[in-house]
Amino acid sequence: MTTVGSVTGRPASAARGSAYGKLLKRVKAAGLLDRRPGYYTLKVTLTVLAFAGTWVAFVVVGPSWWQPGVAALLAVVYTQVAFIGHDAGHKQIFRTRRANYLLGVALGNLGVGLSYGWWIDKHNRHHAHPNEVGSDPDIEPGVLVFTGWHAPLRSRALRLWRRAQAYMFFPLLLLEGLNLHVASVRALAGPTVRSRADRALETTLFAVHTVAYLAVVFLVLPPWQAIAFIAVHQALFGFYMGCSFAPNHKGMPVLTADDDLDYLRRQVLTSRNIRGGRLTDFVLGGLNYQIEHHLFPSMPRPNLRRSQHLIRRFCAEHGVSYAETGVFASYRQVLRHLHQVGRQSADPPLRAQES
């Protein structure tokens with residue numbers, strides 16, 4: 001497990017307090033927190049047209065071996081819709097929380113079948129405590145473990161699974177779409193969406209999405225083709241989503257409640273940027289600027305690229321490590337981290353048995 005000290009190379013208490021305030025002033029002065037209504041009007045319009053156009057193509061193609069290609073295209077469009085929902089969740093699009101929320105539930109619950117309220121609750125906790133054990137829901141142990149902060153396993157089968165978890169990472173992403181839908185159902189049935197009116201709205205839109213999705217697919221395709229289409233679509237949707245989010249923090253320093261870091265260092269040291277051009281920006285939905293996004297969550301997506309040079313230079317001035325790598329190198333780091341953590345949880349009991 002990576003420690004904070006090994007990344008910064010300097011005491012965590014150095015240069016505290018005013019550093020983020022100084023950076024905020026520079027970012028505001030550069031106009032980087034200003035709304036981008038023109039960008040989002042075009043972005044939302046084109047994405048919704050692509051969403052509708054792909055479904056039209058699905059109906060036009062009908063029962064055909066071309067449908068797996070349509071399913072793959074729809075997975076890409078679904079993820080692009082989810083990226084806009086992410087921007088709305090951070091109030092990047094509209095000034096008011098309610099306007100962003102209504103757009104979010106339209107895109108999330110109705111558009112792609114995910115509970116927007118559940119995701120907001122989970123994602124806000126992640127942003128407040130990135131990579132912090134016990135506070136960041138994105139690193140809670142489950143099928144995979146992302147930190148060494150857990151008790152050693154006694155089951156041999158589980159120890160073998162942990163040792164192999166790095167090899168299973170990408171195959172498991174094919175189930176992430178299903179996992180997101182199931183989590184959404186559980187959230188809508190529980191107290192995660194706190195407002196009764198919001199829960200009713202989200203549940204209704206989620207139900208409309210589910211019924212319409214299944215009805216269209218099974219009306220256009222024979223049963224076996226419909227099942228195959230759903231399997232391909234949901235598997236690739238989950239895979240794309242997982243591949244977009246995994247490089248952002250996995251394998252970066254893991255914190256505990258005892259780590260006394262200021263906001264600037266907490267956000268920068270636990271985040272990783274992905275190098276690339278406009279195509280990378282599109283494919284990853286702006287998440288490739290993870291450092292900038294975590295420092296300024298409400299910064300509109302097109303301003304993240306513009307802010308990078310300013311923020312990277314500021315981090316250099318204050319001795320804060322700024323992690324940036326290529327996309328394939330980032331996945332290698334994620335897999336290496338998963339392998340190391342898996343061995344940490346599996347090896348001690350095995351060595352004890354051998355002795």
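**A walk through the pockets and helices**

Let us start with an open space: the largest pocket in this structure holds about 1,400 Å³ (a volume is the space filled by probe spheres set on grid points, which are joined across faces, edges and corners). A pocket here is an open set of points on a 1 Å grid over the protein atoms alone, with protein on both sides within 12 Å along at least five of seven lines, and its lining residues have an atom within 4 Å of a point. Before going further, note that the model is predicted, that local features need pLDDT of at least 70 and side-chain atom pairs count only at pLDDT 80 or more, while totals for chains, interfaces and linings use all residues. Residues are numbered from 1 along each chain as its sequence is written, and side-chain values use heavy atoms, with hydrogens and water left out.

Back to the pocket. Its lining is made of 46 residues, and those nearest the centre are Lys122, Asp138, Glu176, Asn179 and Leu180. Two or more lining residues come from each of helix 4, helix 5 (97-112), helix 6 (116-128), helix 8 (165-173), helix 9 (176-189) and helix 11 (223-245) (helices are DSSP runs of H or I with at least four residues, numbered from the N terminus). Helix 9 is the biggest contributor, with 7 residues. Sorted by class, the lining has 25 nonpolar, 14 polar and 7 charged residues (Ala, Val, Leu, Ile, Met, Phe, Trp, Tyr, Cys and Pro count as nonpolar, Asp, Glu, Lys and Arg as charged, and the others, Gly among them, as polar).

What about closed spaces? The whole structure has 1 cavity of 30 Å³ or more, where a cavity is a set of grid points at which a 1.4 Å probe fits but cannot get out. The space inside the largest cavity is about 30 Å³. Around it sit His86, Asp87, Gln92, Gly285, Gly286, Leu287, His293, Arg301 and Leu304. By class, 2 of these lining residues are nonpolar, 5 are polar and 2 are charged.

Helix 4 deserves a visit of its own. Its 23 residues reach 32 Å from first C-alpha to last, close to the 33 Å expected at 1.5 Å a residue (the expected span is 1.5 Å times one less than the number of residues). Helix 4 is largely enclosed by the rest of the structure, because 18 of its 23 residues are buried (buried means under 20% relative accessible area, exposed over 50%, and partly exposed in between, with a 1.4 Å probe and protein chains only).

Leaving out residues up to four places away in sequence, tyrosine 78 touches Phe51, Trp55, Gly111, Val112, His209, Tyr213, His233 and Phe237 (contact means heavy atoms within 4.5 Å). Now look across to glutamine 234, in helix 11. It lies 156 residues from tyrosine 78 along the chain, yet their C-alpha atoms are 9.6 Å apart. Glutamine 234 is buried too, at 14% relative accessibility. Beyond its neighbours within four places in sequence, glutamine 234 is in contact with Leu174, Gly177, His181 and Tyr213.

Lysine 91, in the loop between helix 4 and helix 5, has a positive phi of about 55° although it is not a glycine. Asparagine 131, in the loop between helix 6 and helix 7 (156-163), likewise has a positive phi of about 55° without being a glycine. Lysine 91 is partly exposed at 39% relative accessibility, whereas asparagine 131 is buried at 3%.

Our last stop is helix 2 (residues 19-29), whose buried residues are Ala19, Leu23 and Val27. They lie on the same side of helix 2 because they cover an arc of only 65° around the axis, taken from the directions from the helix axis to the C-beta atoms. The buried residues of helix 2 pack against helix 12 (263-269), helix 14 (290-295) and helix 15. Lys25, Lys28 and Ala29 are exposed on the other side. Just after helix 2 comes glycine 31, with a positive phi of about 75°.
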